[in-house]
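Here's a walk through the packing and the charged pairs in this one. Have the viewer open as you read.

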Amino acid sequence: MGRHIALCLFAAACQVVSVPCEPFDSGCNPLVVSILALKAPRDPEARLILMSPATGSMELFDISARSGQPISKGTSGGPTNLFIVRTVGSLGVIQDSTSVSLVESQSGTLVLRNTVNEAGGLYHGLLDKERRLYYVTTNAAMSMFVYGIRDDRPEKIQTTALGTSFFTQIALHPDRRFIYLANTGAVELSHYSLNADGTLGSPVANMTPPVNVEALTVEPGGRFLYLLNGTTLHTLNIGSDGSLTDPGLSTANVANGSARFFYSSSGRHMYIYSDAGLVTCEITANGALLTRSVLSPPRGDNSAGAYKAFSGMEVDFSKNFFFLASVSPAGLYTGAFDPQTELPVLHGVIASTAVPAAVGYFTF
């Protein structure tokens, strides 16, 4: 006669397993326990920071990963003149034009670990979260620097001469075999192969893109490289060897000013953030973009002459929620991505003590 016996320890965080067993079977152990964790699951914790370079202030929020609701933790002093925040878990890279700093989220605040000072001319950097590498170009040295993100400091592990300046935009292929660099001072686009450790190998090729590139991104499938010029995105096809070809596709009216790109969890949608708003585009089979929605900065005072703009964007690690730093009104807009359509839905705004110019999302 068969029977099923199940035993579960740590009931709040374990799995019950049912096992058939005949009485007195040799080698049959009816007591089976599958422990998944030693503590009960709880709402994942994260915190988000808004930073104001004008006042050197930092505002910290705790974020519920279930609701996306921020709870203000207060303000403290922070770095000045920053324009980049990139995060990996509890660690973050804060960059300005002359330095790269490592910070860590802990004990309800943000702790500065170490700073590397450079001669100047650092531009927008790119963080490879899996390899914990930070890539950034510099005009002063006409080079690309690669930093390894250690637990206590950023450590420069490679300097690659680029031969000229104004290589200010960087995009990483999702398989981490190639990296692309755009020169915003000339119509020039380069791509390099990457070594197994993420450092740059030899340059593979240079090409003249269809436009002078102001920002660029590779979609998660690694099929297309998108180039932003003004308010228009141009599509380039990526071959299996990383090579680029121009199919002549473009999508207008997607950005205004400097842009940053995010992708939905499925990879079907691209979110183009700029100071003018957040545009959602569907990525079609041939790489063309289909505009699905436009989320503009709300005009809180309804004044036609008042300038309203976003100054930063971040997405939580689960890609369920997004956060927009707002210039006027000064504060933090929160929103969520619809689980079916993946379109962004704006929830509301929380006032901040100063006009923020950067935003970062940490776990702790």
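The largest nonpolar core has 16 residues, and the members touching the most others are Y226, L228, L233, V254, F261, M270 and I272. Four strands each put at least two residues into this core: β21 (224-229), β24 (259-263), β25 (269-274) and β26 (277-283). Keep in mind that the model is predicted.

Which residues is I272 in contact with, once neighbours within four places in sequence are set aside? The list runs L233, V254, A255, A259, R260, F261, G277, L278, V279 and C281. There is also a second, separate core, made of 14 residues, with F167, I170, I179 and L181 among them. As a rule, nonpolar side chains in soluble globular proteins tend to be buried together.

Now for the charges. Side chains of opposite charge can pair when their charged atoms come close. The structure holds 16 salt bridges, and here are some of them:

| Pair | N to O distance |
|---|---|
| D128 and R176 | 2.7 Å |
| E130 and R176 | 3.9 Å |
| D151 and R132 | 2.7 Å |

Start with D128 and R176, whose side chains meet in a salt bridge. D128 sits in strand β12 (residues 126-128) and R176 in the loop between β16 (167-172) and β17 (178-183), so this pair ties together parts that are 48 residues apart in sequence. Is D128 buried or exposed? D128 has 0% relative accessibility, so it counts as buried.

R176 also forms a salt bridge with E130, at 3.9 Å. E130 has a relative accessible area of 66%, so it is exposed.

Then there's D151 with R132, a salt bridge at 2.7 Å. D151 is in the loop between β14 (143-149) and β15 (154-161), while R132 is in the loop between β12 and β13, 19 residues apart, so again distant parts of the chain are linked. D151 counts as exposed at 55% relative accessibility, whereas R132, at 28% relative accessible area, is partly exposed.

Terms used. Residues are numbered from 1 along each chain as its sequence is written. This is a predicted model: local features need pLDDT of at least 70, side-chain atom pairs count only at pLDDT 80 or more; totals for chains, interfaces and linings use all residues. Side-chain values use heavy atoms; hydrogens and water are left out. A salt bridge is a side-chain nitrogen of Lys or Arg within 4 Å of a carboxyl oxygen of Asp or Glu. Buried means under 20% relative accessible area, exposed over 50%, partly exposed in between (1.4 Å probe, protein chains only). A nonpolar core is a set of buried Ala, Val, Leu, Ile, Met, Phe, Trp, Tyr and Cys residues joined through side-chain atoms within 4.5 Å. Contact means heavy atoms within 4.5 Å.
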